[in-house]
Amino acid sequence: MALDPALWPQNVTQDERGCLTVDGVDAHTLAREFGTPAYVVDEQGLRSRAAAFRDSFATAFGPVTGGADVYYAGKAFLCSAVARWVQEEGLGLDVCSGGELAVAQRVGFPGGRIALHGNNKSVAELRQAMEYAVGRVVVDSLTEIDRLACVAADLGVRAKVLLRVTVGVEAHTHEFIATAHEDQKFGFSLADGSAQRAVEAVLAHPDSLELRGLHSHIGSQIMDTTGFELAAQRLIQLHGQINQAHGIRLPELDLGGGFGVAHSPDDSPLTPAELARQLAAVVDREFERLGDDPRPRVSIEPGRAIVGPSTITLYEVGTIKDVTLEDGSTRTYVSVDGGMSDNIRPALYGADYTCVLANRVSDAALVRARVVGRHCESGDIVVRDTELPSDIAPGDLIAVAATGAYCRSLSSQYNHAPRPPVVAVRGGQARVIVRRETIEDILALDVG
């Protein structure tokens, strides 16, 4: 049950007792002080991943474009502490709602370093963004262009706009998280001319809208740059067409996010440096072909790739049950005190995860196991296929790797289960950054 460094946070180790530790704080202590289930963040590991993206893209894109910006995609996981860390590491922040923007406002995140996304932004959200001087709005429909123009005109400001372009690239990922094929809700289609019409619509509001550039996002949990290369080619071609048709050179080009992380030993994601080098080569080649200078400033939007590998979830084992399968073999079902309410991704996407016994060494033989949750759904699975020691028992602790992205963000109160806390650890000190919900919190919403 040794820890694979490719799967676990930077500062997660095992002590001589076999107890998992996060930057010097062991699983026993975390469970005793904060309870289970709990999301546990390696703060320094998260900061290091953010810095790796910042530095890798600055190095790779400095010689070939107008530079590069990294926007942390807050939808992966956002709270006040993470927003502060991202700001301190020199990243921008990508938000998708008024609520996420409110977190940024709460910590004083500079408005100019914020991007607002979303396919159905409300008038109230657009006004909130304009009043906070958000640096870029990624527009998604002709309706939104008119809506934003009205809001900006009413406030006497000029909104900086990127057009989200649907480039027709099918990312090799789950259908629900692929976002650049034609039959889906996001963006302006390149194929049917919608993107060109959107350019004209923005330019029709010169007093209230400023067209800054193009944006594409092809999906999530992508392990290579093939899709990004094709998306970049098509975006840059459109960039050149806009220059020819309207006589303007757009100063920004956003290649989106969706960079994958390892959840199992079979996953082989690229490092930030490899991503930066490969994408910079594509952008350089395409602009050389286009013969267009000066070149735009490139931006990317990693979320999962920063927070995902930086976090684990700690559970306590409750019930253990051996089940005989149709072929006569046995699978051990290990039930823990969380489940699909704190990680819906296995049920929603069929996502795989890796886990270990976190509180002790065991010399017992390994058995075929499935870690499941406590909810009233047969699909309430935490880790579908794994091996655990045959002497696993109620009260043991199990840690699941790489749960920082889209676990707390997509969590629920299913079966009236209070959501777990988020605990940050740094230099041997642990503190709550999002407190555990209580039954009282849930009942307070029930006005009956």
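Modeller: Residues are numbered from 1 along each chain as its sequence is written, and side-chain values use heavy atoms, with hydrogens and water left out. This is a predicted model, where local features need pLDDT of at least 70, side-chain atom pairs count only at pLDDT 80 or more, and totals for chains, interfaces and linings use all residues.

Colleague: What pLDDT does the protein average?

Modeller: pLDDT is the predictor's confidence in each residue, from 0 to 100. In this protein, 96% of the residues score at least 70. Over residues 173-180, though, the pLDDT is below 50, and that stretch still has 27 contacts (heavy atoms within 4.5 Å) beyond near neighbours in sequence. The average for the protein is 93.

Colleague: How many helices and strands does the protein have?

Modeller: Both are DSSP runs numbered from the N terminus: helices are H or I with at least four residues, strands are E with at least two. Counted that way, the protein has twelve helices and 21 strands.

Colleague: What is the radius of gyration of the protein?

Modeller: That value is taken over C-alpha atoms, and the globule rule is 2.2 Å times the number of residues to the power 0.38. For 448 residues the rule gives 22 Å, and the protein comes close to it, so it is as compact as a globular protein of that length. The C-alpha atoms fill a box of roughly 70 × 50 × 45 Å along the principal axes. The radius of gyration itself is 23 Å.

Colleague: What share of the 448 residues count as buried?

Modeller: Buried means under 20% relative accessible area, exposed means over 50%, and partly exposed is in between (1.4 Å probe, protein chains only). As for contacts between residues at least 6 apart in sequence, 69% join residues at least 24 apart. The buried share of the residues is 56%.

Colleague: Is G373 buried or exposed?

Modeller: G373 sits in the loop between strand 17 (366-372) and strand 18 (381-389). Leaving aside neighbours within four places in sequence, G373 is in contact with S335, V336, G338, G339, D380 and V382. Its relative accessible area is 13%, under the 20% cut-off, so G373 is buried.

Colleague: Which peptide bond is cis, with omega near -10 degrees?

Modeller: Look at the loop between helix 1 (27-34) and strand 4 (38-42), where P37 is found. The cis bond is the one from T36 to P37.

Colleague: What is the phi of Y406 near?

Modeller: Y406 lies in the loop between strand 19 (397-400) and strand 20 (422-426), and at 13% relative accessibility Y406 counts as buried. D23, in the loop between strand 2 (20-22) and strand 3 (25-26), has a positive phi of about 45 degrees although it is not a glycine. Y406 also has a positive phi in a residue other than glycine, near 65 degrees.
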